[in-house]
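User: I am new to this structure. Please take me through it in short questions and answers.

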Amino acid sequence: MKALLFLFLLAPSLAAAALAEPRLVETARFIWSEKPSNFGGLSGIEILDEGTKLLAIGDRGIWVTADIKRDRKGNLVSADGTAMGALHRINGRETRGHDSDAEGLAIDDQGRAYVSFEGNHRIRRYDDINGPAKAVPHYSEFDTLFNNFSLEAVAVGPDGTLYALPERTRVVSGTVPVYRLRNGVWDKELRIPRGGSFLEVDADFGPDGRLYVLERRFKWLGGFATRLRSFALGPDGLTDETRLLSTRFGEMDNMEGISVWRDPKGRTRVTLISDDNFFALQRTYLVEYILEN
């Protein structure tokens with residue numbers, strides 16, 4: 001009887017704890033299209049100016065900016081492209097061929113864009129997205145990564161530290177390295193648990209200081225599955241894993257880019273973008289959520 005009474009008294013606390021778990025509430029999903037034939041393959045995104053603008057980068061070495069229209073509730077309605085151009089090398093020439101596969105995008109508090117490339121494995125900084133690239137210190141381990149499976153994600157931490165994640169490493173283990181650039185030197189002291197057969201495709205730090213990691217899985221005849229996890233960054237590394245999203249195969253497209261940001265009402269929003277691979281059966285989707293705690 002005492003055990004039953006204890007469980008009865010404990011039940012409200014357990015229910016409150018369950019309700020306190022963060023969850024994503026989808027607020028928008030639509031197809032974004034533009035007329036230029038080289039529009040597409042978008043794999044990195046940043047939402048800017050309190051949700052009114054965006055910057056995206058793509059697999060064929062392009063960048064795109066757009067104005068975002070929102071309804072009275074602040075929910076995304078449409079995106080209208082305002083400019084598009086080529087990403088440039090350090091020498092000012094346009095990236096081409098093997099050098100042009102841009103995958104990850106992050107913007108620091110000075111407005112500088114960091115782009116990770118997975119053809120010629122590297123990270124570049126753009127003080128002006130339409131200008132020449134600036135060198136970022138290289139890490140020798142980048143050279144060991146697989147072509148087409150390397151630096152998929154780049155993120156700027158709350159203190160300006162740069163982080164990068166590979167989609168796949170040559171040695172498969174139960175964890176994924178999170179490369180970190182501090183004082184001009186890279187290390188791989190940080191790791192997160194591997195997501196089974198899911199592969200890491202992008203990451204972003206949210207306004208709460210947590211690292212949000214977007215993951216993807218593909219199955220022939222099944223399509224793509226998407227998963228989103230977040231981690232707290234502290235003295236013990238990346239901990240407190242929280243799963244926020246997990247979809248069935250075919251429920252979403254090839255979601256490859258993520259931006260986590262705070263809207264004018266103080267709510268945390270998560271915006272995802274899909275890479276259409278320039279394939280006729282795929283589309284560039286923008287999907288947005290509100291993170292509720």
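User: Is Asp240 buried, partly exposed or exposed, and what is its relative accessible area?

Analyst: The model is a predicted one. Asp240 belongs to strand β17 (residues 237-246). Buried needs under 20% relative accessible area and exposed needs over 50%. Asp240 falls in between, so it is partly exposed, at 48%.

User: What is the phi of Asp240?

Analyst: Asp240 is a residue other than glycine, yet its phi is positive. The value is near 55°.

User: Where is Phe278 found, and what is its phi?

Analyst: Phe278 is found in the loop between β19 (268-274) and β20 (285-292). Its relative accessible area is 26%, so Phe278 is partly exposed. Phe278 is not a glycine, but its phi is positive, about 55°.

User: Which residue has its charged end over the ring of Phe278?

Analyst: The charged end lies 3.7 Å from the centre of the Phe278 ring. It belongs to Arg60.

User: And which residue has its charged end over the ring of Phe117?

Analyst: Here the distance to the ring centre is 3.9 Å. The charged end is that of Arg122.

User: How many aromatic pairs does a search of the whole structure find, and how are the rings of Trp32 and Phe39 arranged?

Analyst: The search finds nine aromatic pairs. In the pair of Trp32 and Phe39, the ring centres are 5.0 Å apart and the planes stand at 75°. Planes over 60 degrees apart count as edge-to-face. The pair is therefore edge-to-face.

User: Are Trp32 and Phe39 buried or exposed?

Analyst: The limit for buried is under 20% relative accessible area. Trp32 has 2%. Phe39 has 8%. So Trp32 is buried, and Phe39 is also buried.

User: How are the rings of Tyr139 and Trp186 arranged?

Analyst: Their centres are 6.4 Å apart, with 15° between the planes. Planes under 30 degrees apart count as stacked. The pair of Tyr139 and Trp186 is stacked.

User: How many residues apart in sequence are the parts that Tyr139 and Trp186 tie together?

Analyst: Tyr139 lies in the loop between β9 (134-135) and β10 (151-156). Trp186 lies in strand β13 (residues 185-193). The pair therefore ties together parts whose separation in sequence is 47 residues.

User: Which strands stand at the edges of the open sheet of four strands?

Analyst: The order is β10-β11-β12-β13, with antiparallel pairing. Each edge strand has a single partner, so one side of each lacks a neighbour in the sheet. The edge strands are β10 and β13.

User: How many bridges join β10 to β11, and which residue stands opposite Leu162?

Analyst: The two strands run antiparallel and are joined by five bridges. Leu162 is in β11, and the residue opposite is Val156.

Technical notes. Residues numbered from 1 in each chain as written. Predicted model: local features only at pLDDT ≥ 70, side-chain atom pairs only at ≥ 80, totals over all residues. Heavy atoms only, no water. Phe/Tyr/Trp six-rings, centres within 6.5 Å; stacked < 30°, edge-to-face > 60°. Buried < 20%, exposed > 50% of the residue type's maximum accessible area, 1.4 Å probe, protein only. Lys NZ or Arg CZ within 6 Å of the ring centre and 35° of its normal. Pairing = 2+ DSSP bridges.
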